[in-house]
Amino acid sequence: MRCKIPVTSKRRVLCVFPAYTPSFGTFAHAYPLMGGVKAFMPPQGLLLIAAYLPESWPVRFVDENIARATGADFAWADVVLVSGMHVQVEQINDIRRRAQSAGKVAVLGGPSVSGAPEWYAEFDYLHIGEMGDATDRLVTLLDESVARPPRQIRVETQERLPLSEFPQPAYDKVPLKRYLIGSLQFSSGCPYRCEFCDIPALYGRQPRLKTPDQLLAELDLILRQPVRPAVIYFVDDNFIGNRKATRDMLPHLVAWQKKNGYPLQFACEATLNLAQQPEILAMMQEANFITVFVGIETPDADALRSIDKGHNAKLPILDSIETINSYGMEVTSGIILGLDTDSPESEVRLREFVDASNVPVLTINLLQALPKTPLWERLEKTGRLDHDPGLESNVRFLMPYDEVVAAWKRCIAHAYTPEHLFTRFIHQMDSTYANRIKVPVRSQLTLANLRRGLVLGFNIALRVGLLSDYRRVFWRAAREALRRGQIEAVFNMGFVAHHMIRFTQEALAGQQNASFYAVRAEVPAPRAKRQGFLAAINRRAA
Ligand code: SF4
């Protein structure tokens with residue numbers, strides 16, 4: 001549904017999504033292998049706003065992960081609309097500077113400003129909260145005038161637009177073929193209250209939902225683009241935040257896949273207690289879900305309880321991972337170092353966990369305190385927030401800072417030593433990949449897919465198989481995959497390893513952040529970031 005507010009003016013709206021700061025989770029080093037891929041995932045939130053604006057307002061959409069907004073773009077616009085995550089704070093403010101230099105009114109919405117509006121004092125308008133009555137108010141204000149107001153104007157959503165009334169995101173405004181993965185949203189909000197997470201405060205604890213029909217219509221829209229990502233990521237905060245709704249929706253997704261010959265694979269984020277939901281797991285397998293991101297955070301059950309994440313420790317963690325793997329889904333995992341419960345032994349236990357879990361991709365990062373979280377409040381009260389931009393985290397750890405950062409370095413070095421990484425991939429071949437459903441090959445045999453496969457295959461053979469210093473271990477794993485007929489695994493291992501190993505090398509050389517989602521350069525406020533896989537990407541993680 002579009003905005004119903006009647007407008008009298010025509011406003012040209014330039015939507016600009018900022019570039020990401022490089023991180024483990026953006027896979028940026030893998031793009032050159034993919035032939036034309038330039039960015040991680042379409043920005044779901046800004047595409048939604050673009051679709052919601054009055055029909056008579058022309059919209060131009062620029063994702064600066066693909067190409068920078070030009071002077072001509074700014075000159076064309078009456079209004080510049082920006083959205084982004086905390087990790088993009090510098091880039092957000094840079095777009096604002098460029099818009100205002102061009103004499104245009106600059107408007108900011110999205111998760112970062114909703115969590116920390118004080119970071120954005122120089123924007124002309126701030127839209128705080130999700131789409132809702134504030135969005136309509138903003139439309140009214142811009143309809144009245146696009147002159148820059150003398151003082152900042154803030155509009156804040158009190159009444160959210162139900163997800164069932166969300167318009168289809170404006171996928172037609174972005175070239176989906178330029179993205180590594182696609183994005184889709186079914187629900188918003190999460191019932192849990194993990195101490196470090198801002199989701200419950202920002203999006204509520206009662207997950208709100210789209211209808212299955214809405215979801216399928218969005219998939220149809222995505223399918224209309226001749227070249228699109230093979231994997232669509234559900235950006236929901238927690239895919240099983242409302243289990244009944246997930247259970248009711250999945251048969252529709254399965255039916256859509258069958259009807260269309262399984263053109264897509266899916267991924268999502270969920271809490272580890274997904275492992276206790278065999279019915280949901282079976283339907284996810286049938287719908288061709290291949291990856292689940294889980295914020296495991298720590299292998300220590302007591303530490304999980306201390307951060308109010310005891311729901312992840314209901315079953316032994318390794319058993320839960322094994323269960324999810326047995327339904328064909330690879331687990332990727334968020335890990336946090338620097339928790340109050342950490343001791344010198346935590347590092348050793350974490351490295352043992354990495355090996356024992358056989359999870360290939362783990363985003364290991366330092367604890368960060370986010371505004372609007374119980375963690376932030378607790379640390380603020382006890383004087384344990386530190387906004388020194390020279391530090392890798394805004395948390396005063398209980399262990400010495402240097403020891404925590406050194407432990408982080410040793411942990412990522414261990415996890416992404418090529419031998420260890422490819423050993424974990426080899427384990428996945430039998431424990432996970434062999435359990436995926438066989439999809440009809442015919443639907444995959446498009447010219448675009450063949451071309452993409454050839455480009456990727458050539459680049460992996462050249463850059464990973466021939467030129468990399470870990471080619472020997474890559475070929476050992478590739479032989480294992482080929483012996484099992486798992487060609488897709490060769491491609492997947494190639495591009496994931498290429499990014500992870502290179503990014504780790506850069507991080508160890510001090511060229512990247514120890515805090516996965518932190519911003520290295522100075523920002524006007526805490527550099528706190530959520531700990532999830534998508535926190536730096538688009539929305540969130542369970
Ligand atoms: S970390 Fe995940 S499970 Fe915990 S509150 Fe946030 S979204 Fe929910």
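Reader: Among contacts in the protein between residues at least 6 apart in sequence, what share joins residues at least 24 apart?
Author: That share is 81%, where two residues are in contact if their C-beta atoms, placed from the backbone, lie within 7 Å. This is a predicted model, in which local features need pLDDT of at least 70 and side-chain atom pairs count only at pLDDT 80 or more, while totals for chains, interfaces and linings use all residues. Residues are numbered from 1 along each chain as its sequence is written.

Reader: And how many helices and strands are there?
Author: The protein has 18 helices and 14 strands, taken as DSSP runs (H or I of at least four residues for helices, E of at least two for strands) and numbered from the N terminus. Buried residues account for 52% of its 542 residues, buried meaning that 20 or more other C-beta atoms lie within 10 Å of the residue's own, with 12 or fewer counting as exposed and anything in between as partly exposed.

Reader: Let's look at H15. Which of its residues are buried?
Author: In helix H15, which covers residues 418-431, the buried residues are Leu421, Phe422, Arg424, Phe425, Ile426 and Gln428.

Reader: What do they pack against?
Author: The buried residues of H15 pack against strand S13 (330-337), helix H17 (471-483) and helix H18 (487-508).

Reader: What sits between H17 and H18?
Author: Arg484 lies in the loop there, and it counts as partly exposed because it has 14 C-beta neighbours inside 10 Å. Setting aside neighbours within four places in sequence, Arg484 is in contact with Met429 and Ala434; Ala434 is 50 residues away in sequence, yet the two C-alpha atoms are 8.5 Å apart in space.

Reader: Switching to strands, which way do S4 and S5 run, parallel or antiparallel?
Author: Strand S4 (residues 105-109) and strand S5 (residues 125-128) run parallel and are joined by two bridges, two strands counting as paired if DSSP finds at least two bridges between them. One of the residues involved is Leu108, whose bridge partner in S5 is Leu126.

Reader: Which residue in S6 is the bridge partner of Tyr125?
Author: The partner of Tyr125 is Ile153, and S5 pairs with strand S6 (residues 153-156) in the parallel sense over four bridges.

Conventions. The expected span of a helix is 1.5 Å times one less than its number of residues.
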